[in-house]
Amino acid sequence: MSESQPVFILGAGAIGSLWACSLAHSGVETRLIPRRVSDDSITLTLTHQGQNITQSIPQQSAKQISRITNLLICVKSYQLEQALLSVQHAVNAQSRVILLQNGMGHKELAQKHLPHAQLFLASNTHGVFRQSQHQFVHAGWGKTLLGPANINTQAPEALLAQLHQALPAVTWEADITPLLWRKLAVNAVINPLTALYDCNNGALLEHTEWRQQMHQLVIEMRPVIEYQCPALKHYDFVTEIESVAATTAMNYSSMHQDYHLGRRTEIDQISGYLLNKASEQGVVMPTHQDIYLRLTQPTES
Ligand code: PAF
């Protein structure tokens, strides 16, 4: 039965560790597939509202695993293709694979490399950051919306219930596409601006000039999103983005964390994806373009 199958988590970064700790803590058999396996298990600590949850989680390299029934892929969006290829041999038509990346374009990549799997796409709003190597802080309690990559795929009820119990709320969305575009809109505004201005999410609302820039980014991307996802015609992106910034005010966005730690960012899968779609449509997005270039060009020393 699927309920007794372990949940594999590919990627032991902030989101992967949040899920691994939460699932193991709620009694679900959980296994990590990290990039490098040094030991049979890894001890992770998750701090949530001042309380520490410490879990020892078995880990395996993808090569060691012959069959995967439940898989959460939590790697960065630019690592997704490599991650999909690494588990290809263990995935079949019974496998349920959930993609938790920021940005867009993942569905097509997963359909190409795991054509037989039951694929699901998730939109995550939990805020979590790495405090030290194996310590993570759950800084903002969000939610996970989950839907099928292919509209005909049934909801994985038992897995959904396990996920929801471990880290509520997990909600099923039969048509996840508009939600993914809304998430892309949020990420295309908050993430690059917080990286550029070296601030937390809430600070964007406090500076008139930054707030105006948020509005300008929305004006520019609206025709692109409305064309790609007509269900979002006249959608109030400004209210949604400002409300995410307000509810996650103290958090530093994932792009802020990556950029200021000198790590690769997801700008290509977020702003870059939008800029490509805009260019296909003949739409110009000068503010997005300018911020994209500022965040991708090497800084002068
Ligand atoms: O990418 C992120 O950091 C988050 O999705 C959010 C909420 C946009 C900013 O913290």
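Two strands are taken to pair if DSSP finds at least two bridges between them, and strands here are DSSP E runs of at least two residues, helices H or I runs of at least four, numbered from the N terminus. What we have is a predicted model, in which local features need pLDDT of at least 70 and side-chain atom pairs count only at pLDDT 80 or more, while totals for chains, interfaces and linings use all residues. Residues are numbered from 1 along each chain as its sequence is written, and side-chain values use heavy atoms, with hydrogens and water left out.

Let me start with the strands. Strand β6, residues 96-99, runs parallel to β7 and is joined to it by four bridges, with arginine 96 standing opposite glutamine 118 in β7. Of the seven residues of β7, which spans 118-124, six are buried, meaning under 20% relative accessible area with a 1.4 Å probe, protein chains only.

Now to the helices. Helix α5, residues 177-197, packs against α7, residues 208-228, at about 150 degrees, with the axes 10 Å apart; axes are lines fitted to C-alpha atoms over the stretch in contact, and angles run from 0 to 180 degrees between N-to-C directions. The two helices are therefore roughly antiparallel, the term for angles over 145 degrees. Their contact (heavy atoms within 4.5 Å) includes Trp181 and Tyr197 of α5 and Trp210 and Gln228 of α7.

Helix α5 also packs against α11, residues 286-296, at about 45 degrees, again with axes 10 Å apart, and that makes α5 oblique to α11, oblique being whatever is left once under 35 degrees is called roughly parallel and 65 to 115 roughly perpendicular. Among the residues making this contact are Ala188 and Leu193 of α5 and His288 and Arg294 of α11.

Conventions. Buried means under 20% relative accessible area, exposed over 50%, partly exposed in between (1.4 Å probe, protein chains only).
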